Each structure stands twice: as C-alpha cells, then as structure tokens.
Amino acid sequence: MSGALLWGLTGLALLDSVNTATIWIVIVILLGAKRPAPTGWAFMLGAAASFLTFALMFYFGLTFADSVLDGFTLWLRRLLFFGLAVALVVMGVRRLRPRERKGYTLPPWVNAWSALPFGALATVGDLPNAFPMVLAVERLIEADVDTLVAVVVLVGYTLVYALPSALILAAGLAFNEELREQLQSMLNGRTSGTAEPSPKAAAACFAGAAASLATLFLWVG
C-alpha cells in the first residue's frame, strides 16, 4: 500500500469521524442516562461494531461486483461524487430558509444493557452519510490491496471514525461536573429554537457541490 493511499484513507476516516449524530447521542447519554459510563461505552461499542460490519460488507460485496462487472468501481465513484453534489445542493438550499431544530432525546428504553443494539441501530440510520467510508472501500479495491491488509485498514479506519465520540465520552465522564453546563448549553443550542438562514453556509455547500462535480469530470471521468 502506498503512502499516498494511506494518507488519503486517513483523511477520509477523519472526515467520517466528524459524525454529528453519534457525537450528539453521546452528549445526550452523558446528560440523561442513569448510568452514563456503561451506557455510553456500550453505545460506542455497538456503533463501532456496526460501522465495521457494514464497511466489511461493502468491501467484500464491491470486490465481488468488480470481479463480475468490468469497470464497476469507476461507475460507483462517479455515482458517489454525483450523489455528494446533489446532497450538498439540497443542504445549501435548506440553509437559505429558517428551519426548526430537531431535538436529541434518549429513548426511555436505552440503558446499560440496551445501549449496544441502540448504537448499532443509530449507525444503520446514519449510513446515508457514509460517503467517505464507501469511497475508502472503493479506493482499496481500485488499488488492488491484499484482502488481509484491506481488513486491517478498515479496522483502523473504524477506530479513527469512533475516536472523537470516544474522547468526548471519556472527557464527559472524567469531568462530569465541570463540563455538564457546557454540554447542556451546546445541546440546547443545537436542539431548540429556529435556525436562521445562513447564506455563508449555503455558499459553502454550493462550493462543495461545484468541487464535487469538478472532481467527477476531471478526476473520476
């Protein structure tokens, strides 16, 4: 495996790690769970295990598809960048309108025992945002990386993906009293009231969509 490929995969993993859904659920667990430590770590284990399972399923499924259909990974790459451009345009349009913020609440059935399957379900629900992981899998297949090496890389990718949420959980448990007010303030700002239109955020989304289309035609095509 080349250094350039490894650095590229690391960048994709870091992008994937800024997973707002998982991070906010961890904060909700810290603030609302009766036993935040076992509940939080069980949730993280479920989320990471589910993410790795889907990454491996994508890898082996796409490897088989590429062996059967010539040029499959190229068309997949085109579809990914086109889909990303469309998603960014939709996000940009939404940023131009006021919108009610959606709250994050911990389901009453989530506890230290049920948090693991809850983490797995949360990851399944967030799969539409797994563009970086699918692209990372495509890059591994395109580079013809040995299967064992690819599996090890995907395990490392999952660890990087889970790192920010795990660090927030560890910090929240270690400094519960000191951080509780800040975490609650962050959660309130995220989950209550109305988000005002943001032309700057919309412009950033549109610029990202243009970059994705440029990549599609100049690099992927």
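## Ground rules

A residue is called buried here when its relative accessible area is under 20%, exposed when over 50%, and partly exposed in between (1.4 Å probe, protein chains only). This is a predicted model, where local features need pLDDT of at least 70, side-chain atom pairs count only at pLDDT 80 or more, and totals for chains, interfaces and linings use all residues. Residues are numbered from 1 along each chain as its sequence is written, and side-chain values use heavy atoms, with hydrogens and water left out.

## Helix H7

Start with H7, which runs over 147-174; helices here are DSSP runs (H or I, at least four residues), numbered from the N terminus. Its 28 residues should span 40 Å at 1.5 Å a residue, and the end C-alpha atoms sit 39 Å apart, which agrees. That expected span is 1.5 Å times one less than the number of residues.

Buried residues of H7 include Ala150, Val153, Leu154, Tyr157, Tyr161 and Leu169.

## Rings around phenylalanine 51

There are five aromatic pairs in the structure, meaning rings of Phe, Tyr and Trp (its six-membered ring) with centres within 6.5 Å; planes under 30 degrees apart count as stacked, over 60 as edge-to-face and the rest as tilted. With tyrosine 157, phenylalanine 51 has ring centres 6.1 Å apart and planes at 5 degrees, so that pair is stacked. The two sit 106 residues apart, phenylalanine 51 in H3 and tyrosine 157 in H7.

Phenylalanine 51 also stacks with tyrosine 161, at 3.9 Å centre to centre and 10 degrees between the planes. This pair, too, joins H3 to H7, so it ties together parts 110 residues apart in sequence. Phenylalanine 51 and tyrosine 161 are both buried, and tyrosine 157 is buried as well.

## Isoleucine 168

Isoleucine 168 is also in H7, but at 26% relative accessibility it counts as partly exposed. Leaving aside residues up to four places away in sequence, isoleucine 168 touches Ile23, Val26, Ile27 and Leu30, where contact means heavy atoms within 4.5 Å. The C-alpha atoms of isoleucine 168 and valine 26 are 7.6 Å apart, although 142 residues separate the two along the chain.
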